[in-house]
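User: I have a new model open and would like to go through it with you piece by piece. Could you start with whatever I need in order to read the sheets?

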Amino acid sequence: MKNISFWLTILQLLLLSSFFFSIATSQDNFFKCLSSNNVGDDVLPKITYMQSNINYTNILQEYIRNGRFINTTNTPKPTLILTPFKESEVQAIVNCAKNANLHLKIRSGGHDYEGLSYTCKAPFAVLDMFNLRSVQVNMKDETAWVQAGSTLGELYHKIWENSKVHGFPSGVCPTVGVGGHISGGGYGTMIRKYGLSVDHVMDARIVVANGSILDRASMGEDLFWAIRGGGGASFGVVLSYKINLVPVPEIVTVFRVPRTLEQNAVDLVYRWQNIAPQLENELFIRVYIQTVNTTGNSKITLRTSFIAMYLGDSDKLINSILFWGEFPDTAIESDLLSRKALITSAFKMKSDYVKTPISRGDLGRIYQKLISSGNIWMAMNAYGGMMSEVADTETAFPHRAGNIYKIQYLTYWNETGPDSDKANIQSIRNFYDFMTPFVSKNPREAFLNYRDIDIGSTDNVGPNAYNEARVYGEKYFKGNFDRLVQVKTKVDPTNFFRNEQSIPVLIKN
């Protein structure tokens, strides 16, 4: 037995050394390829960071927005981080990574809720887009070209510099990366007036698996359709989007009205869900429900906040962005340019769509379940308006008419360690299960930009990968999933661009 154990140990060591030798050889081939693809020796140190580099950890963690994945040995680390400045460098990286069999994960802002843009079980490299952050506004035709590594805050600030009566319908968090936000659909407080971000994309530039840089004309309408709501990282590296700016009044109104359970919050939410989708398109009202301690004692109650924006009369649009981003009252416009994370806690989020109003009695039971569940929040976003006027198949984003609101469930915690993570994640999973009777069914729909690994994943290996992907794919994309698979199979037949929830290729029998 001792001899068997000895030889098993030797075999394991040999396999491990072979594994690391393979990684080193792959990286060596990758660097040689970059040099032969006009990435000079003076540029390489500025855009490549191995784990031995003194700046590696800072660059990796700078755009990790979920505290679950920071400073933990359980989080897989990339063998290499790549931070190109130019489109041609992205092109060279894709070509050389494919030739060297180097798995790439693409990160634009790091807000992937499950960390899929910067973690992986197998050896991988991160292609980080944060240096490609140009925003070029053209007020003559009311458009802008915005690179994928820009943040929403940088986009809003640049629009504000050029016009006080234009905006763009996208999210409220200023540090979110444009690339992931738009490619997953993108929504914000103007959703009922103007729909989604993807409804205002006129062109795009993308590096696909064969190394070509394509625009809308050269990529064709199928791929252009797919990267508007289908997630860009399944199809290539989105470099930039050309967007249409939308007209907004110089003055807008924002307000927040908090109510507790004792102040009839349940009745107000019941009324909200019945009327908010029917209001004029210029008015958007979001509902936040969160647990709080009542003043002066330790009793737990729920605070429900009705937060709204009306496109008219009261305040400047740029100030409303600061309001929705929960900046302090002393904040100024340039604060939108900060890339510092607003939240550094660990968190877990999930999503649902509601198609019929929840009864007054069931809302009361939901409130009681929230109290007993602990630190779980609900954010409810009214639909209707423009969202009911665009067909599910117009873009890859399918959650349009028939939904009265979307729910985001979220929980934050500051404790570290796997036990705390497990307990908090299980808590929100239990609450999600409790909500099953009240939300969409067959499939139970989910929003791609609220990434949730619980609804399914794939290891992208073998003939069953397609069936694995269909489980989450139909929840994210409904009937658009099959068309996304067809586009993926055409533009990336070897499945070079992949992650645990990517669009699969269709394998021929």
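Analyst: Two strands count as paired if DSSP finds at least two bridges between them. With that in hand, and bearing in mind that this is a predicted model, there is an open sheet of 4 strands in the order 1-2-4-3, with mixed pairing. Its edge strands, each pairing on one side only, are strand 1 (48–50) and strand 3 (104–107), and from one strand to the next the twist averages 20 degrees.

User: Ok, and in what sense do strand 2 and strand 4 pair?

Analyst: Strand 2 (residues 80–82) and strand 4 (residues 125–128) are joined in the parallel sense, over 3 bridges, and within that pairing L80 has A125 of strand 4 as its bridge partner.

User: Which strands does helix 4 lie across?

Analyst: Helix 4 (residues 87–99) lies across strand 2, strand 3 and strand 4, and its direction is at about 155 degrees to strand 3.

User: What's in the turn of the hairpin between strand 8 and strand 9?

Analyst: There are 5 residues between the two strands, and G211, which sits in the turn, has a positive phi of about 90 degrees.

User: Now helix 14: what span should it have, and what do its ends give?

Analyst: Helix 14 (residues 465–477) has 13 residues, so at 1.5 Å a residue it should span 18 Å, and its end C-alpha atoms are 17 Å apart, which agrees. The helix does bend, by about 35 degrees at V471, and just after it K478 takes a positive phi of about 50 degrees.

User: What do the buried residues of helix 14 pack against?

Analyst: They pack against helix 15 (481–491), and among these buried residues are A465, Y472 and Y476. Where the two helices meet, the residues of helix 14 include Y466, A469 and F477, and those of helix 15 include F481 and L484.

User: And how do the axes of helix 14 and helix 15 lie?

Analyst: The two helices pack at an angle of about 125 degrees, with their axes 9 Å apart. That angle makes helix 14 oblique to helix 15.

Conventions. Residues are numbered from 1 along each chain as its sequence is written. This is a predicted model: local features need pLDDT of at least 70, side-chain atom pairs count only at pLDDT 80 or more; totals for chains, interfaces and linings use all residues. Side-chain values use heavy atoms; hydrogens and water are left out. The expected span of a helix is 1.5 Å times one less than its number of residues. The bend at a residue is the angle between axes fitted to the seven residues ending there and the seven starting there. Buried means under 20% relative accessible area, exposed over 50%, partly exposed in between (1.4 Å probe, protein chains only). Contact means heavy atoms within 4.5 Å. Axes are lines fitted to C-alpha atoms, for helices over the stretch in contact, and angles run from 0 to 180 degrees between N-to-C directions. Angles under 35 degrees count as roughly parallel, over 145 as roughly antiparallel, 65 to 115 as roughly perpendicular and the rest as oblique.
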